[in-house]
Structure formats: C-alpha cells, structure tokens
Amino acid sequence: MTAIRKGYSALLYAMAFIAGATLVWLMVSVILSVMMRNFGLQPFAWLFTSAEYGLFYMTMLGAPWLVREKGHVHIELVTSALSEFPRRIVSRAVALACIAVCIILAWKGAELFLTNIERGDVDTRAYYYPRWLLTVCFPLSFGLMAIEFMRFVFGSELMHTGEAGIHE
Amino acid sequence: MEWYEALLLLLGTIVFLMALGMPVALAFLAANIIGAWVFMGGDRGVGQLLNNGLGALTKYALVPIPLFLLMGEIFFHTGLGGRMFNAIDRLLGRLPGRLSYVTVLGGTGFSTLSGSSMGSTALLGSLMVPEMNRRGYKSHMSIGPILGTGGLAIIIPPSALAVLLATLAQIDVGALLIAGVIPGLILASFYIGTIWLQTKIDPDAAPAYDVPPMTFGQKTLLLMRDVVPMVGVMVVIVALMINGFVTPSEAAAFGALGVLILAAVFRCLTWDALRRSINGALRVTLMAYLIVFGSATFSQLLAFSGASRGLVSWATSFELAPLAMLLVMFAVLLLLGMFMEQISMMLLTVPIFFPLAQTLGFDPVWFGLIMLLALEISFTTPPFGLLLFVMKGVSPPGTTMREIYTSAFPFIGCSLLLVALLIAFPKLALWLPYQ
Amino acid sequence: EDRISAVHAFPETLIYTKSFLSFVDKVNEAGKGVVQIDVRGGPEAIGMFQQPDAVRDGVVDMVYTPGSFYGGALPEKDAMVASNLTAVETRENGGIELIDQIHQEKMGLKYLGWFDSGVCYNLWTRDEPSFDDAGNLEVEGLKLRGNNVYNAFFTNYLGAQVIDLPTGEVYSALQRGVVDATGWTQIGLIDLKWNEFLNYRIEPCFFSTDLGVIVNLEKWNSLSDESKKILQDVAIQHEKDSVEALRAKRDEDFAALEASGMKVVTLEGEAKANYLAAAREKTWERMKGLMADQPGGTDNYDRLIEHFYDLDAN
Ligand code: NA
Ligand code: NA
C-alpha cells in the first residue's frame, strides 16, 4: 500500500517537474529561434511548435500537483457565511463535485485518446504530430486530479478555510 | 431553447458553482460539461470540449505570460527587485506612496512594450506586490495601480488586441493605435491622481518613513548601480522590439534572459532562487491556464448555443437615441466580458456593433477605442475578471478577495471616467490620428 | 422540415464567410418548409481547427472550412490546393465527385461543394524582388512568412528562410520587419491591411483556395431526398456564382492596390514554368507521401491529378 502511495506521489511530482522544465523550455525555444533568425539561419520549425504544445503539456501535467498545493483559485462566499459543521459538509460536497467533473473528463478524454489512435488523427502545424500524444494527457491529468480532490472529501484537510475571499 | 434560457442556464451554473466555492477552473469545466451535453448533442459534446481546450491552450500568443511571470519572479527572488526598490525609495525621498507612482509610471512604460494586459499584470504583479507588501504598503496601493496599468497595455500601442479589432472591423489599424495614445496618457494621469487622493485620505496606506539625506554623488552612484541596469533591461527589450529583432510575443523570453544575466552579474543568482522563481511562475501560470482552458470553451458555448448572440441582438433591437444605444452596447460588452474571453467577444460583437455604430453616425476609430476600453474594463471587473485571478496568484498569502475587489474599483472608475470624457470630447481620441 | 446546424472557419467579416452566408440564404430561401440551415457562428462558436472534428463527431452538422484544416486526415485536399481549375470544371469532369467519395470513405463526411475557387495565391514582398540570370526569383535574404499550406513549395523548392507565423501576428511582424514577404490569396490583403507594408506582387499566381462545405454523413443520409436535392443544387449553383463574384472582387482589389502604388513583377518563360511546376509538384509530392501512409494508399493519386490540374492551361 505504501509502495503504491509512494509511486503515485513520485508520478505526481515527476509530472510537476516536467511542467516546470517545460516552462524553462519555453524561454529557451523562443531565444533560440530568435537568435537563429537574426543570424540568417532558418529557425527549426519545431522550436515554434514545441512551445505551442509545451503550453498544453505544462498545464495538464502540472494541474494535479497544483490541486495538492491548493493552488487552484476559488472564491469563498457561501462557505464563509456558514458555521463550522455545515461548512464542512459544503466543502466536502464541493470537492466531491470536483471529483465528478474530473472523472467525466478523464473518461471522455480516454475515449478521445482511443479515437485518435484508431483514426490515426494528426495535428497539422509545421509537422504532422500524432494527436494521441496530446490527448493522452487528459485521462492522466484529470484522473490524478480526481485522486487529489479525494483528499478534500475524505482527508482531514478541508479545501475551504471559512474566511471570505479568493483562496489558493 | 430560447437564447435567454440558454444564457440563464450557462451563467446560472457558473455563478452558483463559484459562489459555492468550487475552484474557478473546475466551475468553468463543470458548466462546460452541462452546456456541451445540452447544446452539442450529449456526450460527443464533452469530447469537443476537450478538443476546444487543447486548441485554446496551444496558441503562441500565450507564451509570453509564463515568461513575464518568470522574469518578475527571478527579479524578486534573487533580490534584484529589492535592490532597485530600495534605491528608488531613497532617491524619491519622502513622497508618500512613491512606489505606487513608480508602478503607474513603470506600468505605463511597460505597456508600450506589451500588447497583452495579462502579461503586464503578471509581470508587474510578481515584480511589485511582494516588495511593496514587505515595505508596509497596504495591498490596495499595489494591487490597484497594477490592475489599472495592466489595462493600459490594450490601448497604448503596440496592442495586439487593437490590431485584431481593427482588422475585424475593417478600420484603419494605424489610426486606432494612434487614437489610444492621448487617452492612454490621460488614463495614466487619472491613476496618479487616484493614488495621490488615496494617500491624502489614508496616510497610513503607504508608509511615510524618513530616508537619510544623500549627497548628489551618492544619489548618482545609487542610480547608476541599482536602478539603471534594471531599467536598462527593459529599455534593451523595447529597442529589440522596435528594430524588429523580436516580436512582442518573443520579448518576454529576452526579458527573463536579461534578468538572469543581471542576477549573475550581481552575483545573486542561486539555485534556490532559480527553483523558487520557476515554482512561483509555474503556480500562477497553471492556475491561469486551466482557467483559460475552461473559459475558452465556455465562451464558445455562449456563442454556439445562441445565448450571447441573442443577448446582443436583443439589446441592440431597441430604437434608442445614439448615446443611449452606445451605453447599451457598452453594458453588453461589460456583461459578456465578465464571462467571455476577449477575442471571442470581438468576433461575436464586431459584425453587429460596427454596422450599427455606422448607422448611428459614430466615428469607427472612436467607437473602436471605446470598445477596447470596455473589453479592458471587463477584464478586471469582479467577480470573474481573469486579471483579478492572476493578481491573486501573485499576491502574498492572506490577500483576500475583498481586498482585490476594492483595490480594483477606483481604477475601474478611472476608466469609466475616461469613457465619459471620450463621449463628451471625441477629439481626445480623434485629434491625433486625423492630424 | 430538416434543420442543419452550421459553423464557418473564419470571422463573419471576411469575404469568404460572406460568400458562405449567401449560400445559406439561398438554401433557406429555396428550402422553405423543407430544409433550413441554422448558422451558429464562426471561430467564436467552435475553434477554427476544431471544426472538422466537430462535424465528424456530429457536434455540428455542417462546416465551411479550408480542406487544409483537416489535411492530416485527408491529404487529398492538396489536389485542390495545387489545382489550376475551378469548381466549375472539376464538377463537370467528376473531380468533385471523387473528392466527395474520398471524404465519405476516410472521414464520414459528405463533400457538398467547393466554394470560392478560382482564387489563387501570390507572393507579396516589401522590396523589389530580384532575379538571377535565368530569370528565376532570388529568395536569398527574403524573410518570408509561411505556414503549412505553402511550406512544401517555399522551403523545398525556393529554399527560402520561412518564418512560421499565425495570420494575426503578420501585421506587426511586417511593421517591425520580422518578415518582409508573404504568400496570400489574390484577395483579402487590403482587409488585413498588409498592403501598408507590402509593395510588390509577384506573378504568376499559384495554388488555389480549398474552401468547401462538409456535412456529417449520418446527418446527410438522414435528410429527405427533397432536402438533399435542394442542398446539392444550390451548392452547385453557388460553386459557379462564387467563382464569378470572387473574380470581380479580385479585379476590384487589384485595381485598388494598383491605385495605392502596388507594383506587379512577372516571371517569364522558363522561369515561370519552373516556378509553377515546383508549386504543384512539391505539393503533390507531399500529398503522395501522406496518402501512402493511410489505408487506400496512393490508389487515387493519378485520378486526382488528372481531374484537378490541366497541364495545358499554363
Ligand atoms: Na501596448
Ligand atoms: Na473577460
């Protein structure tokens, strides 16, 4: 059990690490392509394309980690007006609704991923890039987000503090 | 389903879920699932939603925002920002609220560089807010001006959004860009007036500490060592842009590189500072981009279901006097802007508003500028303006919703005042382009 | 009454969209009580590049889009891109029927009509183009903006330094000198205001627009015969009408551009022939390569070229 838990955590942080590395790559790719262009070379088209795809990979791979870090911004309005006990109920119910959303998207994302493989769909930009390499992020990311939201349903920690305001 | 039922369903869902405390991005996604199910033919619609989100995120125009954030975070975490603000603090002497003025001036300068209000909010926010907070400024003295100057980015040229609007509306790009210059400067001066008023009303809002007097030589040294190199990075980037070395979207990468080099030169570039900078930039980017992922599709659902078009046609169907009609269009933009992404709004409203503006006898350039201002204001309008969330992301922990909202209001008021002035004196916008 | 939902790839203000909307009006007029098209909007309703998947999946019934936006699934669209014929001739010679059949087999889509054809592409430059001794265009030092429609031609043949930019960024890129040349259709340059920076048009023109109406096949099959007939008849008529209308618009645009100082530079003789041959052959090459990787392979390759290119025309 702890082995699974450890492996899972490692996966989550590895994904977040890739997201951070992608952010750095955005900078590097832009600088490289500008330099090449201004030194009269043809910038590799993949510098441009990798930055565009990078934005997507970064967002998807980092999102579950951000759930764990409570970094997805939310507004406390109702929960701040409630007393302790009903607030706990509402907070856990909201987290449960988040799980539902993530499960639906993970499930539909998995279908999309399989359809992309079956049809051999490609994304046509500078290159013809297999679409499933992108859509595979959906089941992975939303699946892990669902698991992370589970902490706020069953765990000791709540998502909402009860203080009015936007929270991270 | 009638358009108002569709509108009610979509907006009702999102407002309800957000009020309940669902994370903003998740609330958008939940509303999208319901909307896709109802309007896009059941579960196929949900697959479409994911495809849309993928498309909305893989756009080069989104590249600068994380890089501006990275630039600001490196500035802060390496201590370069602290150095510069210390110096400015000492150079400006006793002027109350001096860093707020610096924000407006710097922000105005920066918005000439950046065409993206999200980018400049991200940069200024990560640059200024933590420092000002540390120096005892009340948060509205930092958050307010930054939200305001983020808005200047759209009307002061260069502005990607202005070019797009001019192209869609088939008006002269150059004229629309130039039309924004004087109103942009007026708006910046309103901001300065607002800060002055705020420090008068509440002297504690900005710390008025004494600084030791310095000789001219000391001042010059401080200026050359701690201010000029940092400002120099910005100047170099602007120069690179003007001579065509980089496009505005690419400028951010060089900004981040410049600050990295500077930090290395000042020997304050540590692995720890770098790690914390990337971490900070990543958090805000992820938070904002998952909202972009959700809200792009939400905008599309508003359009696809006929809800937003229905609203626009309904609101413009009344036979009103030109001024009243203008206010109706303005109100529609503000309302839609709370929920829709800016480019989608332009695509939707331009084909309806511009012909209407023409029959009402409005100058298209003047009307285009009013429309840009509406788009901008809606970007910072509570409760859902995206800039507010970006701001929250870069603010110190413990900054509350109410603080961010109340900080935004006086500066939104300035923009509204500018709109009123433009209506009363159209020459403010039109004098320069028609020279 | 049959109802068909539709979206279009480009903003409403663009000329091609207006052409599609006039087709819709004609259908709705002819189809009163039988079939009606309900336009849901453009890229603000469904993203430009997501529209082909949306019609495939039945999220929307009809889409007006360039074939190039789904070229990954249907490389055969390059036959239209490289074409020097219009929808009128290819409708007559069976080319469009062939394209329709390929759409049905590969994507589950009905190809209803090829609109706004007969408009080709030019290279537009800021500075006067130069030529070598043989009269070939010299691209050395040209900062040419490209995208995946032209690049097979630009990079593989011309060997140009191509800078990929989205359409929305081209204006500011021209303004700052990031690029100083671009390909674009004969019309539309004025609408994009690029003529503020571009001063030369290079003839001959190459390629063709590949805008078409695609309909979800399940939806198409569910329509009454009467609806199908109205849609198909109006589409065939609009194929003709749009060729005429856009040619008129092109002449208008060219006149306006010339009046504001746009100069025309023309390749001659063998240089011209080589230029045109490269445009089509590099594009066909790409098509063939991609077709080979798909089920069905290159079976249709020769027929496509035969139907969509008239070698005697130039
Ligand atoms: Na700007
Ligand atoms: Na908005």
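Which residues have the most contacts inside the largest nonpolar core? They are Phe142(A), Phe149(A), Met118(B), Tyr289(B), Phe293(B), Phe367(B) and Phe206(C). This core has 294 residues. The model is predicted. Chain B holds 21 helices and zero strands, while chain C holds twelve helices and 13 strands.

**Nonpolar cores**

- The 294-residue core takes in residues of chains A, B and C, among them Phe149(A), Met118(B) and Phe206(C).
- Helix α14 of chain B, residues 271-304, gives the most to this core. Its share is 17 residues.
- Another core lies apart from the largest one. This other core has 31 residues, including Leu217(C), Leu223(C), Val234(C) and Leu246(C).
- As a general background, nonpolar side chains tend to be buried together in soluble globular proteins.

**Around Phe293(B)**

- Phe293(B) is one of the residues with the most contacts inside the largest core.
- In chain A, Phe293(B) is in contact with Phe56(A), Met60(A), Phe138(A) and Phe142(A), leaving aside its neighbours within four places in sequence.
- With those neighbours again left aside, its contacts in chain B are Leu29(B), Leu50(B), Gly53(B), Leu54(B) and Leu57(B).
- One of these partners, Phe142(A), is also listed among the residues with the most contacts inside the core.

**Chain B overall**

- Chain B has 21 helices and no strands. Its radius of gyration is 22 Å, close to the 22 Å that the globule rule gives for 435 residues, so chain B is as compact as a globular protein of that length.
- Along the principal axes, the C-alpha atoms of chain B fill a box of roughly 70 × 50 × 45 Å.
- Of its 435 residues, 64% count as buried.
- Among contacts in chain B with a separation of 6 or more, 79% join residues 24 or more positions apart.
- The accessible surface of chain B is about 14,700 Å². Carbon and sulfur atoms account for 70% of that surface.
- Chain B carries 20 positive and 18 negative side chains. The centres of the two sets lie 12 Å apart.

**Ala424(B)**

- Ala424(B) is found in helix α20 of chain B, residues 401-424.
- Its relative accessible area is 48%, so Ala424(B) counts as partly exposed.
- Ala424(B) and Leu369(B) are 55 residues apart in sequence. In space, their C-alpha atoms are 14 Å apart.

**Chain C overall**

- Chain C has twelve helices and 13 strands. Its radius of gyration is 20 Å, close to the 20 Å from the globule rule for 314 residues, so chain C is as compact as a globular protein of that length.
- The C-alpha atoms of chain C fill a box of roughly 65 × 40 × 30 Å along the principal axes.
- Buried residues make up 64% of the 314 in chain C.
- Residues 24 or more positions apart supply 78% of the chain C contacts with a separation of 6 or more.
- The accessible surface of chain C is about 11,500 Å², and 46% of it belongs to carbon and sulfur atoms.
- Chain C has 30 positive and 52 negative charges, with mean positions 3 Å apart.

**Helix α7 of chain C**

- Helix α7 of chain C, residues 167-176, is mostly covered. Seven of its ten residues are buried.
- The buried residues are Glu169(C), Val170(C), Tyr171(C), Ser172(C), Ala173(C), Leu174(C) and Arg176(C).
- Gly177(C) follows α7(C). The phi of Gly177(C) is positive, near 80 degrees.

Technical notes: Residues numbered from 1 in each chain as written. Chains lettered and ligands numbered in written order. Heavy atoms only, no water. Helix = DSSP H or I, 4+ residues; strand = E, 2+ residues; numbered from the N terminus. Rg over C-alpha atoms; globule rule 2.2 N^0.38 Å. Buried < 20%, exposed > 50% of the residue type's maximum accessible area, 1.4 Å probe, protein only. Contact = heavy atoms within 4.5 Å. Areas by Shrake-Rupley, 256 points an atom, 1.4 Å probe, with all protein chains shown as cover. Lys, Arg positive; Asp, Glu negative; His and termini not counted. Charge placed at Lys NZ, Arg CZ, Asp CG, Glu CD. Core = buried A, V, L, I, M, F, W, Y, C linked by side-chain atoms within 4.5 Å.
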